[in-house]
Protein chains: 4
Amino acid sequence: MALTALEKHERDAVAVLPAAAHEFFASGSGDEVALDEATAAWARHRLRPRVLRDVGEVDLTSTLLGCGLNHPIGVAPVGYLGLAHPDAEPAVAAAAREQGALYVASTRASTALEDIAAVAGPWWFQVYVMRHRELTERLVERAVAAGARALVLTGDTPFVGIKRRVGSQRIAIPDETFLVNLARHLTGDAAVGRAGAEQDPTATLEAIGWLARMSGLPVLVKGVLRGDDAVACLDAGAAGVVVSNHGGRQLDRSVATPFALAEVVRAVRERPRAAGEPRPAVLVDGGVRSGVDALVGLALGADAVLVGRPVVWGLATGGQAGVHEALAALRDDLAHAMALAGAPSLADLDASLVVPARD
Amino acid sequence: MALTALEKHERDAVAVLPAAAHEFFASGSGDEVALDEATAAWARHRLRPRVLRDVGEVDLTSTLLGCGLNHPIGVAPVGYLGLAHPDAEPAVAAAAREQGALYVASTRASTALEDIAAVAGPWWFQVYVMRHRELTERLVERAVAAGARALVLTGDTPFVGIKRRVGSQRIAIPDETFLVNLARHLTGDAAVGRAGAEQDPTATLEAIGWLARMSGLPVLVKGVLRGDDAVACLDAGAAGVVVSNHGGRQLDRSVATPFALAEVVRAVRERPRAAGEPRPAVLVDGGVRSGVDALVGLALGADAVLVGRPVVWGLATGGQAGVHEALAALRDDLAHAMALAGAPSLADLDASLVVPARD
Amino acid sequence: MALTALEKHERDAVAVLPAAAHEFFASGSGDEVALDEATAAWARHRLRPRVLRDVGEVDLTSTLLGCGLNHPIGVAPVGYLGLAHPDAEPAVAAAAREQGALYVASTRASTALEDIAAVAGPWWFQVYVMRHRELTERLVERAVAAGARALVLTGDTPFVGIKRRVGSQRIAIPDETFLVNLARHLTGDAAVGRAGAEQDPTATLEAIGWLARMSGLPVLVKGVLRGDDAVACLDAGAAGVVVSNHGGRQLDRSVATPFALAEVVRAVRERPRAAGEPRPAVLVDGGVRSGVDALVGLALGADAVLVGRPVVWGLATGGQAGVHEALAALRDDLAHAMALAGAPSLADLDASLVVPARD
Amino acid sequence: MALTALEKHERDAVAVLPAAAHEFFASGSGDEVALDEATAAWARHRLRPRVLRDVGEVDLTSTLLGCGLNHPIGVAPVGYLGLAHPDAEPAVAAAAREQGALYVASTRASTALEDIAAVAGPWWFQVYVMRHRELTERLVERAVAAGARALVLTGDTPFVGIKRRVGSQRIAIPDETFLVNLARHLTGDAAVGRAGAEQDPTATLEAIGWLARMSGLPVLVKGVLRGDDAVACLDAGAAGVVVSNHGGRQLDRSVATPFALAEVVRAVRERPRAAGEPRPAVLVDGGVRSGVDALVGLALGADAVLVGRPVVWGLATGGQAGVHEALAALRDDLAHAMALAGAPSLADLDASLVVPARD
Ligand SMILES: Cc1cc2nc3c(=O)[nH]c(=O)nc-3n(C[C@H](O)[C@H](O)[C@H](O)COP(=O)(O)O)c2cc1C
Ligand SMILES: Cc1cc2nc3c(=O)[nH]c(=O)nc-3n(C[C@H](O)[C@H](O)[C@H](O)COP(=O)(O)O)c2cc1C
Ligand SMILES: Cc1cc2nc3c(=O)[nH]c(=O)nc-3n(C[C@H](O)[C@H](O)[C@H](O)COP(=O)(O)O)c2cc1C
Ligand SMILES: Cc1cc2nc3c(=O)[nH]c(=O)nc-3n(C[C@H](O)[C@H](O)[C@H](O)COP(=O)(O)O)c2cc1C
């Protein structure tokens with residue numbers, strides 16, 4: 001069977017990348033159950049298309065927390081893209097801009113924020129609460145100044161999940177890379193600085209309000225896998241959540257995101273909103289590899305879906321053009337699937353389009 | 001294990017046909033999930049036979065929208081049968097007539113309608129709403145004139161599904177074949193004509209009434225996979241539906257038809273009918289490869305089942321005789337299964353005969 | 001892993017028997033789905049043993065329709081045992097008698113009934129309603145005269161299921177074997193006689209009362225797979241049913257017997273009984289290969305379980321001693337399993353011991 | 001993928017141990033269905049972690065029937081550890097003490113109880129009711145005198161399950177080993193003594209009260225797999241239960257313990273308690289091979305989980321240090337998983353963290 005563009009990138013990345021870099025991007029935590037299940041879980045859904053609907057024009061546009069998007073497949077925050085390609089984050093940001101796709105920059109980017117922002121379209125900034133709270137503040141201030149339109153607070157990483165696969169060939173992230181977005185705030189001793197930039201495992205839901213007040217931006221919490229947790233985040237001031245198990249890199253055997261998504265969407269919809277409180281955004285990521293996967297996520301109630309590794313493989317194999325190709329392939333595939341499903345716009349993607357596979 | 005006639009045809013067709021032609025018929029869209037699942041889904045049902053019923057005579061006859069049938073396994077519309085065998089559609093139509101089986105001619109037939117009709121028994125005509133509406137009208141008029149007893153409006157193909165398997169060896173359908181049933185209505189420029197003969201993605205449920213009025217024939221909608229969609233089609237004037245995912249060639253990961261069938265039958269039965277409105281017909285196709293598969297479909301409420309590829313492989317390997325053999329094998333197998341199930345007539349095939357397989 | 005006695009017999013039978021004879025016994029109908037599933041279905045159950053019950057003595061005895069049994073694992077009716085071993089049915093009957101196990105003789109036995117009866121303990125006679133009703137009567141009279149204690153009317157075989165596996169090496173049953181229990185009633189033309197001795201596909205539930213009246217014996221219907229059918233049989237005068245899909249040799253994709261058993265037991269228990277009407281017997285067969293399988297059947301409500309092929313393989317590899325060994329292994333295994341389950345008698349085997357496997 | 005410490009031990013034990021000893025520890029009963037499913041069943045659960053909880057400190061401590069534990073992963077009673085390593089039980093007991101982990105000594109220990117007690121931290125004693133009741137009493141008295149803090153009455157072993165895998169290479173346990181904890185009570189004839197020391201299959205629930213009164217210790221019943229059985233044990237005076245199928249070594253096809261655990265916990269919680277009656281303890285064992293497995297057991301309501309074979313393999317490959325390594329790896333893995341799950345203490349592990357895996 002002819003490979004899709006994404007499959008080709010994934011295959012070629014093995015050849016293009018040094019083994020350690022490849023494993024860094026590809027691996028998951030623990031037994032990699034969550035990693036393996038991420039993609040499989042999308043394929044455990046079946047579709048209930050409609051016939052004879054006017055799909056002459058398929059409209060993929062939407063507005064998400066004030067950002068106009070050409071299509072609802074965005075770029076998930078992925079650290080250290082410099083390990084994939086010298087053009088790194090700017091190549092990805094520029095490709096996303098070309099496509100009108102959302103771009104989320106990682107706190108662990110290997111390029112200074114300002115250099116990413118310079119070539120990006122609408123972009124969000126992913127935040128970790130670091131042990132040095134002041135570092136966190138300074139970094140967020142820079143992101144705000146550089147034009148980030150929202151913050152994505154990653155909540156599933158109090159400690160970094162153990163990747164057994166990488167074992168002894170674990171790649172070393174040099175200090176200059178680890179701290180690229182922090183260096184200008186560090187005073188003197190690099191070793192102290194690096195420890196301080198680690199995730200703070202004592203961070204709680206209160207960090208949401210803190211970040212919102214500090215930045216003036218909407219804050220989404222990434223890593224949510226439960227309805228009650230989504231509600232707790234919103235109650236604590238979040239503007240939305242990203243249903244994610246970190247691409248199978250944090251707690252292994254976490255529920256696959258399509259299964260968690262339905263629960264989160266239900267809880268968010270049932271939660272009463274204060275007068276004037278905008279509809280919270282729900283995004284999802286993990287294992288999305290085709291337009292049909294994306295369609296399932298959107299039908300289950302996500303406002304957008306994010307992709308991580310497909311962007312990495314596109315970048316590794318083709319730089320900005322590779323990312324462009326990957327995003328375009330996903331968008332075209334989604335549009336084609338929506339047409340065949342009888343759904344000419346995102347608003348037509350409702351939960352009735354999806355049923356669990358039987359076997 | 002000794003191969004069935006159908007299995008032999010399927011195996012031999014690989015040898016008989018040029019690779020590109022074989023792939024044209026065999027392939028499905030996307031990852032071929034729906035294709036693979038089509039046959040597997042029938043085998044996910046188990047039977048609850050009755051004992052000690054008089055099955056000395058097994059009666060397979062029925063009347064379907066006014067057509068008397070010797071048995072309830074008919075021929076699905078399949079395009080370009082000339083790629084399978086020079087005798088093409090007439091061989092199939094003649095074999096179906098010999099068996100008293102329903103024959104549905106495709107809009108994309110590689111033989112002029114009138115030549116098919118000349119050798120067919122009761123036959124129906126499958127319609128696409130084409131971009132040039134007038135072409136559609138002219139073609140339907142010809143079908144009516146040639147004696148079609150019903151129209152089958154295929155609703156799942158606003159665009160042709162992408163068959164990744166065929167990849168670079170995609171077969172080219174020459175204009176003279178594509179347009180064999182349209183040429184006489186085309187004025188001048190063949191290129192324009194071909195584009196105009198493509199499916200119109202803006203067609204809606206209104207096309208049902210339009211075709212019914214234009215033709216005076218009952219119109220069935222093919223490609224229905226949801227109960228609410230079936231009801232919408234009937235409300236728009238359809239005389240029935242064909243539960244189908246186009247043999248796994250349109251939206252990949254569509255529900256398998258046996259699972260959709262139960263839902264559609266329930267919705268159709270629960271829908272109130274206007275005074276004098278006849279009972280709508282429900283047919284099903286996709287992956288039927290044995291009499292037991294057919295029995296499951298009939299027990300789940302279908303009035304008839306259609307087969308596509310088994311007819312293609314029979315045609316490819318044996319011309320009219322091959323199709324005859326395939327249809328006869330299916331009919332005999334169905335009769336045998338009905339006897340062993342304690343069901344001497346189609347009316348004895350009720351839903352209690354079928355349960356989902358456990359495993 | 002050390003093979004069980006039954007596994008050894010099954011393996012060795014392949015070497016001992018001519019291929020055609022082996023296939024005759026081993027094969028199933030159609031795609032052999034029901035055959036394969038027969039054993040697998042028992043293994044899809046899990047046990048909920050009790051602790052700290054007095055299992056110093058495990059009592060396997062019971063009384064079934066007046067026959068005292070040492071243990072509840074009996075011999076299913078299997079035709080033409082002469083193809084497995086020259087000692088044929090008498091060896092099996094004698095082994096069953098040694099074990100105090102129920103023996104059911106087949107209408108298609110390759111030994112005259114009277115010779116079987118001479119060495120049997122309590123035995124039942126399996127009946128087909130044959131096209132020549134008078135032949136059926138004569139045969140039943142002989143069985144009654146020879147001491148059969150019940151009749152087992154096989155209801156799932158209006159026609160013999162097609163065994164695709166045997167294909168061209170289908171074994172020919174010579175007339176003298178086919179008619180061994182009928183010859184003395186046949187007048188002249190063997191060909192006519194053989195046709196007359198085929199199963200009558202027009203037989204109905206009325207045959208139950210006819211046989212009961214004619215024989216004065218309790219009649220069980222074999223092949224029942226539905227609760228409503230069990231009730232219909234009892235209403236028509238049956239003293240019990242054998243839940244069976246004929247070892248996967250009749251309607252392929254029939255439900256596996258453990259799944260059908262629960263439904264049948266429920267229906268039989270819920271059916272109101274006339275005053276003085278004895279509790280109907282429910283037996284089950286198909287794929288039982290261990291004491292744990294048997295325990296599941298008994299816990300699900302069967303009064304006894306029957307085994308077919310394990311007896312054949314024991315006979316083929318060791319004659320009477322082989323059958324003895326197979327039956328003893330099953331009995332010992334059952335007793336051991338009951339002890340470990342905390343169930344010292346058959347009355348302690350209730351449905352709470354069994355749950356479906358999850359996976 | 002880099003092996004975990006436990007996986008390494010398990011792999012290396014094959015090389016280190018004589019085949020017969022390895023099979024003794026590794027094998028299960030019957031078809032080894034319960035054995036294989038033990039580990040797989042934990043992996044059939046998925047986790048629903050919480051985000052943004054303060055997990056700066058993860059507290060694994062608890063108090064179990066009066067014993068303070070550093071972490072909730074203890075050592076299951078395993079017989080004849082001398083076959084694994086000359087340091088045998090004392091090495092295991094000492095490693096458990098170092099870790100603050102519960103240690104349960106087996107009645108079938110290959111070291112005198114007093115020698116185990118000398119190096120152990122808080123430990124419990126596993127009891128079989130033996131045919132000679134007086135032997136049982138004497139042994140329990142010794143355990144009490146040596147400082148056992150509770151008795152674990154194993155109820156699932158009226159007879160020892162048949163391990164087909166070991167077949168002909170079944171290891172012989174010499175009398176001096178079998179009777180190491182009994183010899184001083186035996187009078188003269190060793191053969192009689194050995195038979196008397198076998199499990200008494202007539203033991204009933206009354207043994208619970210008998211042991212409790214005799215010892216003055218809390219008695220837990222091990223081998224419970226049903227809610228009603230747990231209640232029966234508690235009603236008979238038990239202080240708790242160990243949900244176990246003996247590591248797949250007794251009744252094969254018993255339910256896997258994680259599935260039984262939920263039922264037992266529910267029944268125990270719903271059972272009314274007398275005034276002043278302490279909360280019964282529920283432990284679970286069988287197939288636990290990672291901290292995530294343990295997390296699932298604790299979330300489903302267990303107060304502690306026990307491991308058998310991981311301790312054996314650690315002992316075989318590294319003596320006391322190997323056991324230490326195994327227990328430390330499990331504890332660290334549990335602490336890491338709890339942090340990633342947003343659960344900083346055992347009290348935070350509730351049933352909402354766990355859902356069945358789909359597909
Ligand atoms: C190599 C790698 C690095 C990642 N780095 C971050 C990160 O810095 N911050 C973050 O919130 N998520 C990070 N993620 C998680 C992604 O944002 C996203 O959740 C995940 O990749 C989605 O799954 P997919 O890769 O299957 O599309 C990372 C993922 C990968 C594969
Ligand atoms: C090669 C091929 C061509 C087809 N062409 C048409 C067509 O022209 N119109 C249509 O409605 N369906 C068409 N179908 C779908 C069939 O009518 C039918 O739904 C499908 O083949 C049933 O599945 P089966 O082949 O597994 O029996 C085609 C199917 C195949 C395999
Ligand atoms: C070779 C063979 C011949 C059989 N002949 C008969 C028969 O004559 N009458 C009948 O009622 N059942 C017959 N059966 C079915 C058995 O009674 C029984 O239902 C089946 O063998 C049980 O399955 P098992 O073989 O897996 O134990 C036959 C089965 C086999 C395998
Ligand atoms: C070799 C071996 C010997 C055992 N001996 C005993 C025993 O003497 N008493 C007992 O109650 N359980 C015994 N068990 C069962 C264990 O206590 C425990 O239930 C089981 O090993 C847990 O499963 P795991 O090995 O998968 O962790 C034994 C288990 C094994 C593997």
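A polar contact here is a pair of N or O atoms within 3.5 Å; within protein, one must be able to donate a hydrogen and the other to accept it, and residues adjacent in sequence count only if both atoms are side-chain atoms. With that in hand, ligand 2: one of its oxygen atoms is 3.3 Å from an N or O atom in the side chain of Ser244(B).

Before I go on, the ground rules. This is a predicted model, where local features need pLDDT of at least 70 and side-chain atom pairs count only at pLDDT 80 or more, while totals for chains, interfaces and linings use all residues. Residues are numbered from 1 along each chain as its sequence is written, chains are lettered from A and ligands numbered from 1 in the order in which they are written, and side-chain values use heavy atoms, with hydrogens and water left out.

Back to ligand 2. A nitrogen atom of the ligand sits 2.8 Å from an N or O atom in the Lys222(B) side chain, and an oxygen atom of the ligand is 2.8 Å from a backbone N or O atom of Gly308(B). On its own, ligand 2 has 600 Å² of accessible area, and the protein covers 97% of it; that is by the Shrake-Rupley method with a 1.4 Å probe.

Now ligand 1. There are 23 residues around it, and Pro77(A), Ser106(A), Thr154(A), Asp285(A) and Arg289(A) come nearest; a residue is near if one of its heavy atoms lies within 4 Å. A nitrogen atom of ligand 1 is 3.1 Å from a side-chain N or O atom of Gln126(A). On the backbone side, a polar atom of Gly287(A) is 2.8 Å from an oxygen atom of ligand 1.

Next, chains C and B. Which chain gives 41 residues to the contact, and which gives 32? Chain C gives 41 and chain B gives 32, contact meaning heavy atoms within 4.5 Å. Together they bury about 3,000 Å², 58% of it on carbon and sulfur atoms; buried area is the accessible area (1.4 Å probe) lost on putting the two parts together, summed over both.

There are five salt bridges between chain C and chain B, each a side-chain nitrogen of Lys or Arg within 4 Å of a carboxyl oxygen of Asp or Glu. One pairs Arg253(C) with Asp293(B), with the closest N and O atoms 2.8 Å apart.
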